[in-house]
Amino acid sequence: MASPDIAARIARLEAIEDIKALKHRYLRACDAKDPEEFRACFIASGASIDYGRLGAFDDADGIAEVFARIALQKIDGGYAVLDMHHAMHPDITVHGETAASGRWTLKFRQVNLVDRTETVAAGEYDDEYVIEDGRWKMSKCHFHRHWSITRPIGPDCRVDQ
């Protein structure tokens, strides 16, 4: 039988891996334009969300509505906004069996076919996580953009979807 110290260390490592999987589900939902999975990554009510220019919310329903409106917009039969979220450098601290916090660096790229622009950005997520219904969920997700560059997409640029 494992000692309590070993069992606690394994539980902490399992929690960290589960939180990483949660963040990856969130990022994939963003890029796959999946509002239901996006929303499912947050607690049922009361999440603290601050995405800067996209808005601040005291519940994930508000940001899920903004996400759906932007992500699902269509132009000429295809999506109007194409995103690529790559989060890296996870720094996750487990505070107990049901609470944790984390920071992630985000590399972001967006093609906006309405404005005919491409944006590249970098920033940091500051998250808090709790266990809800037996799974890790985000209870706080704040994003701080460090920098971005937006450039026009010329008429000779082809975007395939």
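Modeller: Let us begin with a definition: a residue is called buried when its relative accessible area is under 20%, and exposed when that area is over 50%. Please keep in mind that this is a predicted model.

Colleague: Why is Thr-105 called buried?

Modeller: Thr-105 has a relative accessible area of 19%, and the word buried applies under 20%, so Thr-105 is buried. Thr-105 sits in strand S6, which covers residues 99–112, and, leaving aside residues up to four places away in sequence, Thr-105 touches His-86, Ala-87, Met-88, His-89, Gly-123 and Glu-124.

Colleague: What makes the pair formed by the side chains of Thr-105 and Glu-124 a polar contact?

Modeller: The two side chains come to 2.7 Å, and the cut-off for a pair of N or O atoms is within 3.5 Å, so the pair counts as a polar contact.

Colleague: How do you know that the span of H3 agrees with its number of residues?

Modeller: H3 has 12 residues, which at 1.5 Å a residue should span 16 Å, and because its end C-alpha atoms are 16 Å apart, the two values agree.

Technical notes:
Residues are numbered from 1 along each chain as its sequence is written. This is a predicted model: local features need pLDDT of at least 70, side-chain atom pairs count only at pLDDT 80 or more; totals for chains, interfaces and linings use all residues. Side-chain values use heavy atoms; hydrogens and water are left out. Helices (H or I, at least four residues) and strands (E, at least two) are DSSP runs, numbered from the N terminus. Buried means under 20% relative accessible area, exposed over 50%, partly exposed in between (1.4 Å probe, protein chains only). A polar contact is a pair of N or O atoms within 3.5 Å; within protein, one must be able to donate a hydrogen and the other to accept it, and residues adjacent in sequence count only if both atoms are side-chain atoms. Contact means heavy atoms within 4.5 Å. The expected span of a helix is 1.5 Å times one less than its number of residues.
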